[in-house]
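Opening the notebook on this one. I want to look at the ligand site and then at the aromatic rings.

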Amino acid sequence: MRNSKNVSKYLIGKGTFSQLATLLADRQEGYHVYLIDIFFESKNLNLPKRNEDVLFFVDTAHEPTTSYINELRDQIFAKKTNLPTAIIGVGGGVTLDTAKAVSNLLTNGGQAEEYQGWDLVKKAGIYKIGIPTISGTGAEASRTCVMTNYKTGLKLGMNSEFTIYDQLILDHELTQTVPRNQYFYTGMDTYIHSFESLAGRHRHALSDAFSIQSIELSRQIFDSADMMTEENREKMMVASYLGGASLANSFVGVVHPFSAGLSVVLGTHHCIANCITMRAMEEFYPKEYKEFWKMAEKQKVTIPEGICRNLNAEQYQKLYDSTVIHQVPLKNALGENFKEILTLEKVTEVFKKM
Ligand code: NAD
Ligand code: ZN
């Protein structure tokens, strides 16, 4: 059994973002690195940034790659000869994961790809503060940071206690501007990984409790008239945090491996790929399938359809390979012999339903 760790400190509530300067007050020596979601490039976030600090806008058009993380490290060292005293990540899952990975890489040396796996990070990273501006992935709370290595095709994070944020600011005022469809796609990530984990064979008493509460909050949000009211955005921040905390000791199920197949083969982003996958999940999760589509209809969101209908044999083979490679969640959901259920023919049929 793993000795579990969660985020040690967090501020929660409307307006708490303004306390960032106070959190940095005893780290005034040295410089800080800001990694900010590109959406805020034209907005005034009122960051307590000083002249000596370094700021990058994180392009969210692509999910993080190992080469992008290495490149950011090189750009920091092109400007500075010493290490920063804090890294601040402000944004969605892409930006939060980027900040986690850069923090680990700066102190551990080598290349980002050397840390893809479990417990490969040897030292604590740079002190890091995570500030989500869209909720659902749980990246703010989890012990991983998902990166793709395009040389090897591996999509895997730095799973480590050192990846967990030292401090969070959970200020739902920051999520006001999220486009409605995106709010739903990302928000649903926590609902989906929570029900996958509860339906699995591997159980953990505390993760179950986190998952149950995350699902309960998701229902309150997405079954209400407007998922984006101030109250619902605050609940969404909590649901996301709890879902992320649950991930430390739980495994996903059938949805995430299929969704990962879409991401690897067709480049579909994680959260929208989950929602597309839900089109084909009735036989695996009948109750949640019904509930998911009821909520999607209620919130009037658009979810793409038919993206896998007319692919060629080679593409279906690639989709199959990049789905069944996820053995841990598939065994969790379907048992040791999951490949007897998920044959090439079956997997192709599932993708065609999407
Ligand atoms: P994201 O970071 O891609 O952001 C989605 C979009 O919303 C982007 O266009 C972004 O610029 C925009 N955006 C963010 N905040 C906004 C705001 N306040 N107003 C307007 N627009 C805003 O999306 P995400 O869905 O949060 O994250 C997906 C990423 O998270 C993937 O890379 C996935 O692999 C990763 N992930 C990580 C974990 C983990 O535990 N570390 C878990 C699940 C997913
Ligand atoms: Zn997910």
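This is a predicted model: local features need pLDDT of at least 70, side-chain atom pairs count only at pLDDT 80 or more; totals for chains, interfaces and linings use all residues.

**Entry 1: polar contacts.** I started with threonine 133, where a polar side-chain atom sits 2.8 Å from a nitrogen atom of ligand 1. Next I checked the backbone. A polar backbone atom of valine 94 is 3.0 Å from an oxygen atom of ligand 1. Valine 178 also comes in through its backbone, with an N or O atom 3.4 Å from a nitrogen atom of the ligand. How much of ligand 1 does the protein bury? I get 91% of the 870 Å² that the ligand exposes when taken alone.

**Entry 2: the shell.** I looked up how many residues surround ligand 1 and found 27. The closest are Asp37, Thr133, Ser142, Thr177 and Thr186. Thr133 is the residue I already had from its side-chain contact with a ligand nitrogen. By type, the shell splits into eleven nonpolar, eleven polar and five charged residues.

**Entry 3: where the shell comes from.** Which helices supply at least two shell residues each? I noted H3 (93–108), H4 (180–198) and H8 (270–277). H3 gives the largest share, four residues. Then I checked the domains. Domain 1 (9–177) and domain 2 (181–352) both contribute to the shell, so ligand 1 lies between them.

**Entry 4: aromatic pairs.** I moved on to the rings and logged nine aromatic pairs in the structure. I took phenylalanine 39 and phenylalanine 40 to begin with: the ring centres are 5.0 Å apart and the planes meet at 85°, so I put the pair down as edge-to-face, the cut-off being over 60 degrees. Are these two buried or exposed? Phenylalanine 39 is partly exposed, at 35% relative accessible area. Phenylalanine 40 has 8%, so it falls under the 20% limit and counts as buried.

**Entry 5: a pair across the chain.** Phenylalanine 184 and phenylalanine 222 pair up edge-to-face as well, with 5.3 Å centre to centre and 80° between the planes. H4 was already on my list as a supplier of shell residues around ligand 1. I have both phenylalanine 184 and phenylalanine 222 down as buried. They also belong to one aromatic cluster, together with Tyr183, Phe292 and Trp293.

Terms used. Residues are numbered from 1 along each chain as its sequence is written. Chains are lettered from A and ligands numbered from 1 in the order in which they are written. Side-chain values use heavy atoms; hydrogens and water are left out. A residue is near a molecule or strand if one of its heavy atoms lies within 4 Å of it. A polar contact is a pair of N or O atoms within 3.5 Å; within protein, one must be able to donate a hydrogen and the other to accept it, and residues adjacent in sequence count only if both atoms are side-chain atoms. Accessible areas come from the Shrake-Rupley method with a 1.4 Å probe; for residues, only the protein chains shown count as cover. Ala, Val, Leu, Ile, Met, Phe, Trp, Tyr, Cys and Pro count as nonpolar, Asp, Glu, Lys and Arg as charged, and the others, Gly among them, as polar. Domain bounds come from an automatic or database domain assignment. Rings of Phe, Tyr and Trp (its six-membered ring) pair if their centres lie within 6.5 Å; planes under 30 degrees apart count as stacked, over 60 as edge-to-face and the rest as tilted. Buried means under 20% relative accessible area, exposed over 50%, partly exposed in between (1.4 Å probe, protein chains only).
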